[in-house]
Amino acid sequence: MAQSIQAIRGMNDLLPEDTSVWQQVEKVLRDTTASFGYSEVRMPIVEQTNLFCRAIGEVTDVVEKEMYTFEDRSGDSLSLRPEGTAGCVRAALEHSLIYNQEQRLWYMGPMFRHERPQKGRYRQFHQLGVEVFGLNGPDIDAEIIALSNEIWQKLGISEHLCLELNTLGNAEERAAYKENLVKYLEAHFEDLDEDSKRRTHTNPLRVLDSKDEKVQEILKGAPSLYDFLGEESRNHFETLQKHLTSLGISFKINPRLVRGLDYYNLTVFEWTTTALGAQGTVCGGGRYDGLVEQLGGKATKAVGFGLGLERLVLLLTTLEKVAPKPQVDVYVCGMGEEAEAEQLLLCRDLRAALPGVKIMNHCGGGNFKKLLKRADKVQAKVAVIFGDDELKNNTLSIKDMAAQDQQTVSRTDAAAAIQAVLNK
Ligand code: HAM
């Protein structure tokens with residue numbers, strides 16, 4: 001026997017039971033973004049490698065170690081998108097969506113990072129991304145946080161998520177802070193772990209979110225970015241907090257929250273849960289006011305977040321907040337050649353008469369016992385039966401699968417009779 005080929009590690013198939021849950025979750029995401037007036041954009045999954053290097057930062061984990069990069073047949077370096085913000089900014093610039101305009105956008109789709117797979121961390125995963133361009137106040141920061149909060153509320157998981165908030169200041173404030181932080185880290189250099197030693201000179205802010213206990217101890221004495229904030233940045237952060245408080249959204253300020261991508265300034269936030277183990281960040285985002293200019297556009301304020309669908313679905317199934325839904329409402333059964341043609345016609349007419357009702361036709365013959373077993377297996381609420389008598393008399397039998405009772409009706413009354421059972 002030939003050796004079977006398996007999926008790539010960290011890239012998952014979603015089978016019918018999974019897609020049923022995913023569709024329910026995706027509907028909540030689509031409905032919520034729509035209810036805030038946001039518009040969908042769809043970008044390619046592959047972009048020029050350069051885009052990600054410039055947007056995310058050369059010395060981030062994502063660009064250094066995690067991108068799926070390859071040369072295409074023309075010799076261009078392309079990468080599978082590790083996140084959506086870079087591509088969204090590229091698309092918005094390319095199609096002149098942002099100059100002197102305001103845009104509130106969302107996208108949903110697969111992202112790719114070559115990380116070590118574990119529960120909640122995959123090499124192909126999916127994000128809902130929300131990106132807003134052209135607005136600079138803390139009100140829009142509060143709005144996108146409120147949007148994410150609304151999603152948790154609709155899904156009934158608010159109490160399992162905690163909002164962590166921080167500010168990274170503006171570019172000058174951060175530069176002054178970095179200088180001080182580096183001096184401090186250099187003074188403790190020998191006690192740092194290898195990762196933090198390396199980051200001290202490549203990406204010192206990332207040392208702040210080191211998980212190493214010794215480093216965390218050292219950081220207790222480190223200078224605080226808050227001492228380097230000017231009035232504007234301070235006001236932005238304080239007003240955002242006021243907005244969140246008035247919206248009833250509680251938060252925890254985490255001065256160590258720096259995020260793993262380089263484009264952020266001012267507001268950064270993450271929604272985390274303790275219910276998923278190590279990969280507890282379900283959603284993260286913040287302001288990235290410098291990115292549009294960095295990618296060749298005119299300076300444009302921007303803010304957004306990315307929400308990991310696998311983690312959200314995992315959380316919802318762990319908490320038993322969603323379950324697969326039956327994919328069939330009505331199962332149409334018949335026997336014999338004559339019934340076969342009639343079944344096809346009947347299904348067509350029933351689908352036209354009952355929009356939104358899921359109608360499956362039995363194919364492949366068999367006796368009635370087998371047919372009804374199938375109806376049961378697909379969890380149909382109604383079985384429509386075409387026996388010899390029904391064919392002869394131009395009638396149908398409608399079986400309520402839960403109540404196990406059956407009635408015979410004329411073909412013209414079939415749709416109404418089915419609907420009545422479905423409404424029970
Ligand atoms: P991020 O924090 O890298 O941000 O990713 C956002 C979310 O995607 C994470 O909180 C997590 O739920 C999910 N995620 C990330 N990596 C994986 C993985 N390997 N497996 C499963 N889920 C994962 C961004 O990507 C930014 N583009 C967010 C953003 C948009 N900031 C501003 N606008």
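Colleague: Is Glu190 buried or exposed?

Modeller: Glu190 counts as exposed, at 64% relative accessibility. The cut-offs are under 20% relative accessible area for buried and over 50% for exposed, with partly exposed in between (1.4 Å probe, protein chains only). This is a predicted model, where local features need pLDDT of at least 70, side-chain atom pairs count only at pLDDT 80 or more, and totals for chains, interfaces and linings use all residues. Residues are numbered from 1 along each chain as its sequence is written, and side-chain values use heavy atoms, leaving out hydrogens and water.

Colleague: Which side chain does Glu190 meet in a salt bridge?

Modeller: That would be Lys197, at 4.0 Å from N to O. A salt bridge here is a side-chain nitrogen of Lys or Arg within 4 Å of a carboxyl oxygen of Asp or Glu. Lys197 is buried, with a relative accessible area of 16%.

Colleague: New topic: what does Lys252 form a salt bridge with?

Modeller: Its partner is Glu164, with the closest N and O atoms 3.9 Å apart. Lys252 lies in strand S8 (residues 252-253) and Glu164 in strand S7 (residues 162-167), so the pair ties together parts 88 residues apart in sequence. Strands are DSSP runs of E, at least two residues, numbered from the N terminus.

Colleague: And how accessible is Glu164?

Modeller: Glu164 is buried at 12%, while Lys252 is partly exposed at 44%.

Colleague: How many salt bridges are there by this rule?

Modeller: The count comes to 25.

How values were computed
Helices (H or I, at least four residues) and strands (E, at least two) are DSSP runs, numbered from the N terminus.
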